[in-house]
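Here's a quick tour of the charged side-chain pairs in this protein. Have a look at the structure, then read on.

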Amino acid sequence: MRRRAVLGLGGAAVPAALLGPGAPAVAHARRWLHTWVAMPQLTEPGNLPPAPFTGTSSVLVDTTLRQTVHVTVGGSRLRVRYSNAFGGAALPITSAAVALPVDGKAGVSAIVPDSSRALTFGGRSSVVVPMGANVVSDPIDLPVSFGANLTITTYLAAGQATLNLTSHPGSRTTTYLVNGNFVASPDLSGAATVAHWYLISGVEVLGGAPAIAIVGDSLTDGRGSTTDGNDRWPDQLFARRPRTAVLNQAAGGNRVLNDGLGPNVLARLDRDVLATSGVDRMMIFEGVNDIGTAAATDAAQKQVTDDLLFAFEQVVLRAHARDITAYGATITPFGGNTGYDDPDGLRERSRQAVNAVIRRGRLFDEFADFDVAARDPANPRQLNPAYDVGDHLHMNPSGYGALAAAVPLRWLT
């Protein structure tokens, strides 16, 4: 593992060994840090808001959106980030507010009476987010506890004059949509529902906790987890150490080398890790989609293996340049998956080759062996049947719990 030094008086490096047993390498002063994130994506046509909230050339006209998010670390002051990263036009937000959901539940439309706090942006109640940009709200006083759910309600009077909408389709959390301005309403009766997040990309709190950003694909985004259950493996990892911000920067179909559903890892690393406030460590668990979509030939699989290992080296170099510790994980099995498991086992050979390099311990600062945690002991090419949702690639909450348990808790302290 790369040993991180601490700067002493005058900027001199003090070896970690001289700090004494158990001494932290970094002191976490109070600062703004993310407690929840969602990787922004361009919304696919099938994931656009349902009628009448999507028109022929615009979306969310005269629409109130009510969405819940699961924060990790808590705080007494917070602010919200809106993203127009993939919007095809400026994003005019008319009004917005945050509140506590009834009974603290995820995916409910009712909020606790008197908990709603209006958001402002530079003191104004409305804001226009330029194309490709994001905005951060002014801080508000609303105490949220560790692991709480938070409701964010947004109203767009004019909507957005484009069908290119920024969202995070794999929310696994119920969102409510209704025509009219109901930002302050205690409930949204008769609202339409979808399981996607739109426009929101982060919640920050003022605190002093460490923060780890997890870069991943659908296995980290939680395909196979419970809608409104918050039982993806990063959620279950946070539950093991509920004093560290665990930030899920994953998207279904994501790849390290090439764009898929969302930009590739090398393209999004700056936005999703290096520029995410509070992050002092990261973890990457990706590669299965790169291997699985490369042709099942000797040449193509050798190329994707070599390119993946180079890309991981690049991720670590860029993280270290910002003094961010870089962790990794081995790639989990996909034996029996219709799309990825080829008859000659060439993609399995690539998975094993990448995992072998990760296990040598010279690529990442440390690694978690997710392959061992998830595989069938009787058939290591396949997932443990108790974890398999049926497609031999994705896992159920028990499987995601096994991944969370394989992460060393010292990574979060």
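**Salt bridges at a glance**

Arg318 counts as partly exposed, because its relative accessibility is 23% (buried is under 20% relative accessible area, exposed is over 50%, and partly exposed lies in between, using a 1.4 Å probe and protein chains only). This is a predicted model, where local features need pLDDT of at least 70 and side-chain atom pairs count only at pLDDT 80 or more, while totals for chains, interfaces and linings use all residues. Residues are numbered from 1 along each chain as its sequence is written, and side-chain values use heavy atoms, leaving out hydrogens and water.

A salt bridge here means a side-chain nitrogen of Lys or Arg within 4 Å of a carboxyl oxygen of Asp or Glu. By that rule, the count is 19 salt bridges.

**Around helix α3**

- Arg318 pairs with Asp270 in a salt bridge, with the closest N and O atoms 3.1 Å apart.
- That pair links distant parts of the chain, 48 residues apart: Arg318 sits in helix α5 (residues 298-321) and Asp270 in helix α3 (helices are DSSP runs of H or I, at least four residues, numbered from the N terminus).
- Asp270 is partly exposed too, at 41% relative accessibility.
- Arg268 forms a salt bridge with Asp272, at 2.9 Å between the closest N and O atoms.
- Arg268 and Asp272 are about one helical turn apart because they're four residues apart in helix α3 (residues 265-274).
- Both Arg268 and Asp272 are buried.

- Arg375 and Asp371 meet in a salt bridge, 3.2 Å from N to O.
- Asp371 is buried at 1% relative accessibility, whereas Arg375 is partly exposed at 27%.
- Salt bridges with shared partners join Glu348, Arg351, Arg359, Asp369, Asp371 and Arg375 into one network.

Conventions. Helix = DSSP H or I, 4+ residues; strand = E, 2+ residues; numbered from the N terminus.
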